[in-house]
Amino acid sequence: MKREKIREFDGKQLYYSFLAGAQRLFENQSLINKINVFPVADADTGTNLASTLRSIVDTVIPSQNLKNTADAIADAALVGARGNSGIIFAQFLFGFSNELKSNHIKLDIKAFTEAILKAVRYAYEAISNPREGTMISVIKEWAEGLYTLRDKVDDFYKLLDNSFEYANVSLKKTKDQLEALAKANVVDAGAKGFVVFLEGMLDFLLSRNIRSLTGTRNVTKPLAEIESISHEVITFRYCTEAMLVGKEVNKEKIRKILDNYGDSVVVAGSNQKVRIHVHTDEPANLFTELSELANITFQKVDDMVLQNEVVSNRKHPIGIISDSTLDLPQELIEKHQIHVVPLSIHFGDTFFLDRVTLKPEQFYKMLDTHPIHPSTAQPTFKDFTNKLNYMSTIYDSMIGVMLGERMSGTYSNTKKAAKTIGLQTNKNISVVNSKNLTGGLGLQVLRVAEYIEQGYSHEEIVKQAQTWGDKTLMLAAATTTKYMVRGGRLSYSKGLVSRILGVRPIVKVDSFGKPQAFGKPLSVKSCQRMILKKINEFTKENKLWGYAITHANNEPLAKFFADEIKKITGMEPKFINQASPVLSAHVGPGVTSISLLPE
């Protein structure tokens, strides 16, 4: 049957073409991660592009009106964009939608190619130092090819078919344009992702059936044929992104701030909704400065050093994921290659990522000076799917040990995300309810890491880990009830009585993972005696695997307990560490917790 020519493009054709392009990129995500060496070898370009396109697929409801659909695609991409390439691609889509007029219900070839060519300028303007030999080069040369062909064809399929070669030739050139790519003998990962996306679009226009994409062009080299890539030293550690929202956000001022903090700077979007990307060593200080210019409604920070280490020197086939309330010291997180998804802390309309863009020392200053008491929020379902999706390209299976189910929805969100990504990737992902937080959670995660290193199987580890929540003892001693009252955890009247009486409450997490009052001592000394007595009883009844101490800016008390518990057990603590700001937001500074995990 003769194929009918496509002389005009409407909103639904645009959307389903995007859907096909996204599907093809999802299929090639691992390959794109594997060849990711520029600007930083953090092996997540495929995951970031997939996440950007996933936000379009999950958000946009197509209409026949092309302008409306293009606007919806651009907005979804800007909100969901991840990584350097994802934000550049989102800005390109924003430029395309911005160049369309309100009466553009459909586009002919001439109008389409003109809008695409003009959109390239938006992408270039978003980047502080554009580098040829990357995704931006391929987008530009493809757009120029489209424009050259505009008067030579009368069919959108032929237009994209003929222009595909421009993109493919440009992609191959990237290997010779950048030293890092030439050394690794690979093309640019972002550029590869864009070409794979075009390939999917083109196959849809040929088949007109989103369910029958088979891939007529083998531009994708099988993953098995890609040799292991030697990664370079990373200049700045953290890939940092945010969405800034305001009535009139000064993009140039933002760009100057970002330029002072690092490199790979991208500033995309409009003056009311700005998406930023930068590689920096100081995300916490950066966000403190940015929060003075606009409301920060989204943040993402990835540790590229850890990502590089995991990809180039993966220690074990089983990956570990947890959340930021585990309170493990950074050196242990790095040693065991643990992937941590942060909770968030909100001061009014501005929020920060726990331990990442808000460090404990910064948090305590804000706690006493900010007029609004902080609130906290669990990571979103998408935060977990993004992380697990990325990990699925590296590990054979994954184990998550999360903040107790009775304390937060974090465990539930992780479990849902694990089911989704497990089905998509055919990977075994198990999630364990720790029934704990802070040191109790940290001990369980650390024990999973040690079991993996000792060669236990995925199933054996999960079976054991599921019993640890019931066995873990966690006691927390608060120095004041002031912050529990401010945060709504304790009524004003009860808080007033406690302060008058000088009560220093002790909290115990029960076997169901629910915090319970354990004691109400009236002095520091009696609080210490009560805790040590319980620990002494516990260790007589249980053979101890290890214990940990965490504190909210109270190192002297933490050291006191470490010394005393060593006398009781003869063991050094597995770790002593500052508690996360998320936990401190609910109980205030001074709290010290002791967690014990039996054999």
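Author: In this predicted model, helix H1 meets helix H3 through Tyr15, Phe18, Leu19, Ala22, Leu25 and Phe26 on the H1 side. The H3 side contributes Gly46, Leu49, Ala50, Leu53, Arg54, Ile56 and Val57. By class, the residues of this contact comprise 11 nonpolar, 1 polar and 1 charged.

Reader: Why is H1 called roughly antiparallel to H3?

Author: The axes of H1 (residues 11-27) and H3 (residues 45-59) cross at roughly 150 degrees. Angles over 145 degrees count as roughly antiparallel, and therefore H1 is described as roughly antiparallel to H3.

Reader: What else describes the pair, namely how the axes approach and which hand the crossing has?

Author: The two axes come within 10 Å, and H1 passes H3 in a left-handed crossing.

Reader: What makes H16 mostly covered?

Author: A residue counts as buried under 20% relative accessible area. In H16, 9 of the 12 residues are buried, so the helix is described as mostly covered. Among them are Phe384, Leu388, Tyr390 and Met391, together with Lys387.

Reader: What percentage of residues in the protein chain is buried?

Author: Of the 599 residues in the protein chain, 57% are buried. The chain has 24 helices and 19 strands.

Note on methods: Residues are numbered from 1 along each chain as its sequence is written. This is a predicted model: local features need pLDDT of at least 70, side-chain atom pairs count only at pLDDT 80 or more; totals for chains, interfaces and linings use all residues. Side-chain values use heavy atoms; hydrogens and water are left out. Buried means under 20% relative accessible area, exposed over 50%, partly exposed in between (1.4 Å probe, protein chains only). Helices (H or I, at least four residues) and strands (E, at least two) are DSSP runs, numbered from the N terminus. Axes are lines fitted to C-alpha atoms, for helices over the stretch in contact, and angles run from 0 to 180 degrees between N-to-C directions. Angles under 35 degrees count as roughly parallel, over 145 as roughly antiparallel, 65 to 115 as roughly perpendicular and the rest as oblique. A crossing is left-handed if the near helix is turned anticlockwise from the far one by less than a right angle, and right-handed if clockwise. Contact means heavy atoms within 4.5 Å. Ala, Val, Leu, Ile, Met, Phe, Trp, Tyr, Cys and Pro count as nonpolar, Asp, Glu, Lys and Arg as charged, and the others, Gly among them, as polar.
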